[in-house]
Amino acid sequence: MSRDRLTVTSFVVLGLIALRGPSTSYDLKRASGHSIGYFWPFPHAQLYSEPRKLADAGLLTVEEEVNGRRRQTFSITEEGREALAAWLDQPITDPMQIRDVAELKLFFSELMGPDTERRLAAGQIKQHTARLAEYHSIQERFADRADVASRMVPLELGIAMTEAALAFWVDLAERLDPED
């Protein structure tokens with residue numbers, strides 16, 4: 001695998017291992033579920049195949065247990081750190097992408113009945129309210145941890161985006177309310 005063929009998932013794996021230290025694929029799955037999974041969803045099966053590819057490319061090393069479950073623990077190499085640093089330094093030229101099924105359904109709202117659209121809005125209000133509570137809980141839990149302060153900055157963006165989405169759906173629900 002050349003550096004030209006590295007994917008975003010490649011850099012997710014390299015970045016997580018650079019932050020966490022030596023990790024198994026299961027460790028990566030857990031770590032992503034509690035961190036980047038909130039804003040960068042992807043099939044977790046990739047966390048089981050990608051580290052091996054990166055090891056084959058010399059960007060990670062792998063240590064395999066001789067007995068037992070034969071777990072593979074991956075560590076980042078200097079070449080892996082260099083590839084990650086080069087990727088982090090690249091400018092972002094693509095526009096922000098949001099893949100929101102609710103927004104997609106809303107695009108087709110003229111094909112919905114009014115009750116369906118109201119249920120969609122109510123469901124989104126419930127979902128965004130719950131996510132916002134989860135984000136605030138994370139923020140409170142790690143507020144005093146200087147060692148992860150820089151990783152909390154994306155949480156601020158997540159909170160702002162979730163608050164904006166919640167405000168949108170509340171406003172839409174009010175406009176759809178038949179009692180108005």
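## Reading the model

Residues are called buried at under 20% relative accessible area, exposed at over 50%, and partly exposed in between, using a 1.4 Å probe and the protein chains only. By that rule R145, at 36% relative accessibility, counts as partly exposed.

The structure is a predicted model, in which local features need pLDDT of at least 70, side-chain atom pairs count only at pLDDT 80 or more, and totals for chains, interfaces and linings use all residues. Residues are numbered from 1 along each chain as its sequence is written, and side-chain values use heavy atoms, with hydrogens and water left out.

## Helix α1 and its cover

Let us begin with a helix close to the start of the numbering. Helices (H or I, at least four residues) and strands (E, at least two) are DSSP runs, numbered from the N terminus. Helix α1 covers residues 8-20, and its 13 residues should span 18 Å at 1.5 Å a residue. The expected span is 1.5 Å times one less than the number of residues. The end C-alpha atoms of α1 are 18 Å apart, which agrees.

Which residues of α1 are buried? They are T9, S10, F11, V12, V13, L14, G15, L16 and I17. Their cover includes α2 (25-33), α3 (46-56), β1, β2 and α4, where contact means heavy atoms within 4.5 Å. After α1 comes G21, with a positive phi near 95 degrees.

Now try the length check on another helix. With 28 residues (149-176), helix α7 should span 40 Å at 1.5 Å a residue, and its end C-alpha atoms are 41 Å apart, which agrees.

The buried residues of α7 include M152, L155, I159, L166 and W169. What do the buried residues of α7 pack against? Their partners are α5 and α6 (114-142). T129 belongs to helix α6 and is partly exposed, with a relative accessible area of 40%.

## Aromatic pairs

A pair of aromatic rings is described by the distance of the centres and the angle of the planes. Rings of Phe, Tyr and Trp (its six-membered ring) pair if their centres lie within 6.5 Å; planes under 30 degrees apart count as stacked, over 60 as edge-to-face and the rest as tilted. How many aromatic pairs does the structure hold? There are four.

One of them joins F107 and F108, edge-to-face, at 5.1 Å centre to centre and 85 degrees between the planes. F107 counts as exposed at 62% relative accessibility, while F108 is partly exposed at 42%. The rings of F168 and W169 have centres 5.2 Å apart and planes at 80 degrees, so this pair is edge-to-face too.

## Salt bridges

A salt bridge is a side-chain nitrogen of Lys or Arg within 4 Å of a carboxyl oxygen of Asp or Glu. The structure holds seven of these. In one of them, R145 meets D147, with the closest N and O atoms 2.8 Å apart; D147 is exposed, with a relative accessible area of 53%.

Another salt bridge links E134 and R131 at 3.7 Å, N to O. Both residues lie in helix α6, three residues apart, about one turn of the helix. An α-helix has 3.6 residues a turn, so residues three or four places apart point the same way. E134 is partly exposed at 32%, and R131 is partly exposed at 31%.

E64 and R70 also form a salt bridge, their closest N and O atoms being 3.2 Å apart. E64 counts as partly exposed at 36% relative accessibility, and R70 does so at 47%. R70 is placed in the loop between β1 (60-64) and β2 (72-76). What is phi of R70? It is near 55 degrees, a positive value in a residue other than glycine.
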